[in-house]
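Subject: Handing over the structure

Hello,

Please take over this structure from me. The sequence and the coordinates come first, and my notes come after.

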Amino acid sequence: LQVMSSSSPSLSPTESVTAAVPANLRIACLLPSATAICIALQLEDNIVGVTHECLIADSQISKKQQVCILTESGLPATASQGEIHDTISSATTSCSSSGKDIPSFYPLLKEQFDKARPNVVFTQDLCAVCAPTPEDVQKLLMDKQRQPSSSNHVTIVSLQPNTLQQVAESFVTVATACGVPQRGEALRQRWWSDLERLGAAIRQAVDDHDDDKGSTSQRTKPRVMLLEWLDPPFDGGHWTRQMMEYAGAEMARSQPETSSQPPPSVKSKQLPWKDVYDSQPDVVVVGCCGFDLQRNVKDTLAHAESLAPLADTATVFACDGNAYLTQPGPQLLVGVAILAQCAYHNQPKVLQSIAETNIIAPSKGFEVVDIQSRLAMDKTRAKVDDDLASAVGIGDIEDNVGAKGFAERHKDACERGEDFYDDPETGYKVFTEVAHKKRGYCCGSGCRHCPYNHQNVAGKNKAQKIQQPAILYEHQDDIDGENLFSLSQNDKVKVMFNSGGKDSFLTIRALARSHREEGPFGLVLLTTFDATSRNIAHQNIPIDDVIRQARHLNITLLGVPLRRGSGERYSSRIEKGVAAVQQYLLAKSLTNVKITTLVFGDLHLQHIRSWREQTFQSSGYHLEYPLWNVEYSILLDDLERSKVPCFISGTTVGDRAKVGTLFDRSFYKSAVAAGMDGFGENGEFHSIAQVWEVDRSVALGYAAS
């Protein structure tokens with residue numbers, strides 16, 4: 001192995017640009033910027049491997065080589081920025097405390113790497129989170145070289161630029177490693193010349209604009225805040241300051257520079273929202289690392305409430321940060337043009353001068369985001385949500401909405417970076433999520449705002465302590481050889497909304513049949529319960545009984561406490577619950593396991609199904625209803641085959657459905673005769689399935705009763 005760095009010396013610009021590419025050159029690019037550089041160097045025919053995030057147009061794909069995808073994401077595609085940040089922070093803290101290496105969130109695919117057979121590999125040392133490191137590649141190659149058939153010489157090149165000058169020099173580094181240093185020097189000179197030309201055009205256009213206005217005072221540059229992350233907010237780092245200078249803009253900061261000559265490069269840093277507000281930007285650009293324009297628009301709108309104080313005085317843009325701002329490659333030139341277009345969006349002559357340089361994005365790379373309209377729309381949607389929940393009578397939903405509670409106080413305190421807030425009901429001081437993250441781990445006390453899903457809350461009374469979604473039972477592999485619904489042995493997971501009653505139990509049996517007949521998948525039961533009484537709403541079932549069900553059936557269970565008076569919405573608690581499942585999978589190093597489906601046990605009430613679809617249709621998950629419109633006679637037959645006794649646990653019709661009564665075919669007939677829905681779908685009664693009374697294999701239907 002030969003390991004090079006981007007600090008390797010560049011070649012003389014007098015060397016020929018027409019030198020031939022080595023015939024045996026096979027390039028693996030383990031970061032998107034390396035792929036972009038190789039394409040700019042006209043080396044696309046020699047690329048044999050790229051990452052799953054590399055941006056390659058169809059016209060740029062080699063017709064001579066099969067290009068292998070060498071990495072995969074260890075983070076769920078649907079994870080929010082806050083979930084991604086918490087997952088990475090938790091893994092980093094855990095590994096630091098135990099002395100272990102931080103696991104890669106973009107693991108190398110060994111089979112694909114072997115298939116690609118590269119002899120030059122480009123990776124990076126800037127960020128262990130963003131891409132495989134040289135150490136990752138060396139370990140893989142050393143493992144491979146122990147095999148007799150693998151003895152090829154491989155050069156690993158680590159790119160680690162921090163400034164625009166170093167980005168330009170990396171073009172030469174890449175070209176040199178590929179045997180065409182003169183191409184790299186030519187690209188470096190052309191790129192730097194275009195950057196200077198763009199900067200000069202902007203400066204001249206701004207001066208002309210000031211002359212037209214008759215301004216005699218020193219002009220003030222637009223103050224631009226570039227946000228590389230939103231939850232929590234991070235400002236732009238590395239080459240961002242220089243990009244702002246060439247774009248004719250000033251980096252908005254809450255505190256003035258302490259040096260007359262600040263360094264050209266500093267790392268991106270986390271900011272409390274208060275510092276973001278205090279920076280008083282004229283323009284905000286959301287260009288989050290790793291995300292394209294569509295995702296950044298979506299996330300900007302999702303954080304409209306946090307950005308609202310800025311939107312009063314600043315114009316908010318979303319940008320394709322992945323392509324133009326955070327990847328140290330040739331496209332940073334276009335990123336400078338985009339920052340200038342955002343900064344001078346209200347000066348047509350400056351925009352015209354930028355366009356005349358022909359340094360613009362080949363497709364739409366940024367757009368204005370209307371924060372105020374989104375806030376108005378959210379208020380309307382919230383009212384519709386409340387009205388619908390109240391009208392249809394969905395218990396868990398209307399129980400969880402109401403007047404503003406501690407959730408809003410907590411959110412405000414976090415945005416100010418504070419460690420405490422005063423509980424509006426008791427007056428006691430409560431730790432914020434900010435304070436818990438400073439500690440860096442779950443203390444095991446069941447804190448109200450634990451950001452670690454209560455991973456250190458242990459013991460039989462865990463369900464009595466938790467205030468946030470948490471795993472209450474974990475599937476155990478190889479208990480009986482069946483491994484039904486195992487998470488570690490399947491790459492797809494379904495999350496089923498579970499109440500502990502007969503309908504939920506019949507849904508589990510339907511999923512067990514699907515598991516056997518259509519293919520295996522993992523399953524997680526998601527159960528919401530009242531955080532005070534620790535009972536499932538309306539079912540009147542203690543959460544401990546649902547844990548007993550999950551343990552007997554050996555199915556992973558997630559508990560989601562619903563906190564009355566918190567002011568939180570039911571849908572937001574469910575989103576946190578699903579996120580907790582994703583974080584649990586990552587904590588178990590199940591990086592290839594993805595949540596694909598949300599499962600509901602609804603029978604036939606269309607208004608409830610419509611509400612679910614309206615609420616969860618944007619989640620990206622498939623919605624499944626295994627019992628939908630199944631005849632009651634078929635459901636009764638299946639319940640009888642299971643031998644599982646189900647008893648009435650809650651009632652709204654008094655003696656017509658007494659608590660403790662066995663739900664069976666006889667009860668069903670009497671309920672229908674009394675004018676009720678035979679399965680209590682209109683809320684007449686609720687039930688508990690005592691699955692522990694029957695052997696697991698019989699209850700789940702894979703053994704004869």
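Below is what was found, grouped by region.

This is a predicted model, so local features need pLDDT of at least 70 and side-chain atom pairs count only at pLDDT 80 or more, while totals for chains, interfaces and linings use all residues. Residues are numbered from 1 along each chain as its sequence is written, and side-chain values use heavy atoms, with hydrogens and water left out.

**Cores**

The largest nonpolar core has 65 residues. A nonpolar core here is a set of buried Ala, Val, Leu, Ile, Met, Phe, Trp, Tyr and Cys residues joined through side-chain atoms within 4.5 Å. Buried means under 20% relative accessible area, exposed means over 50%, and partly exposed lies in between (1.4 Å probe, protein chains only). Phe122, Leu164, Trp191 and Val285 have the most contacts inside this core. Helix 12 (residues 332-343) gives the most to it, with ten residues. Helices (H or I, at least four residues) and strands (E, at least two) are DSSP runs, numbered from the N terminus.

Another core lies apart from that one and has 55 residues, among them Met496, Tyr668, Ala689 and Leu700. In soluble globular proteins, nonpolar side chains tend to be buried together.

Which residues does Phe122 touch, not counting those up to four places away in sequence? They include Ile27, Leu30, Leu31, Val157 and Val174. Contact means heavy atoms within 4.5 Å.

An open sheet has six strands in the order 15-20-17-16-21-22. Its pairing is mixed. Two strands pair if DSSP finds at least two bridges between them. The edges are strand 15 (470-473) and strand 22 (622-624), and each pairs on one side only. From one strand to the next, the twist averages 35 degrees. Angles run from 0 to 180 degrees between N-to-C directions, and axes are lines fitted to C-alpha atoms, for helices over the stretch in contact.

Strand 16 (residues 492-497) and strand 21 (residues 594-599) are parallel, with five bridges. Lys494 has Thr597 in strand 21 as its bridge partner. Helix 19 (residues 502-518) packs on the sheet. Helix 19 touches strand 16, strand 17 (522-530), strand 21 and strand 22, and its direction makes about 160 degrees with that of strand 16.

**Strands 23 to 25**

Strand 23 (residues 646-651) pairs with strand 24 (residues 662-663) in the antiparallel sense, over two bridges. Cys646 stands opposite Phe663 there. Strand 23 also runs antiparallel to strand 25 (residues 685-689), joined by five bridges. Gly650 has His686 in strand 25 as its bridge partner.

**Two helices**

In helix 22 (residues 606-616), Ile608, Arg609, Trp611, Arg612 and Phe616 are buried. Seen down the axis, they fall within an arc of 160 degrees, so they line one face of the helix. The arc is that of the directions from the helix axis to the C-beta atoms.

In helix 9 (residues 293-302), the buried residues include Leu293, Arg295 and Val297. At the start of helix 9, a side-chain oxygen of Asp292 comes within 3.4 Å of the backbone nitrogen of Gln294. A polar contact is a pair of N or O atoms within 3.5 Å; within protein, one must be able to donate a hydrogen and the other to accept it, and residues adjacent in sequence count only if both atoms are side-chain atoms.

**Single residues to look at**

- His454 lies in the loop between helix 17 (433-439) and helix 18 (462-465). Is His454 buried or exposed? His454 counts as buried, at 0% relative accessibility. A polar atom of its side chain lies 2.8 Å from the backbone nitrogen of Gln468. Beyond four places in sequence, His454 is in contact with residues including Cys442, Cys447, Lys462 and Ile466.
- Pro232 sits in the loop between strand 7 (223-230) and strand 8 (233-235).
- Gln280 is not a glycine, yet has a positive phi of about 50 degrees. Gln280 is in the loop between helix 8 (273-278) and strand 10 (283-286). At 59% relative accessibility, Gln280 counts as exposed.
- Lys643 is not a glycine either, and has a positive phi of about 65 degrees. Lys643 is in the loop between helix 23 (632-642) and strand 23. Lys643 counts as exposed, at 53% relative accessibility.

Best wishes
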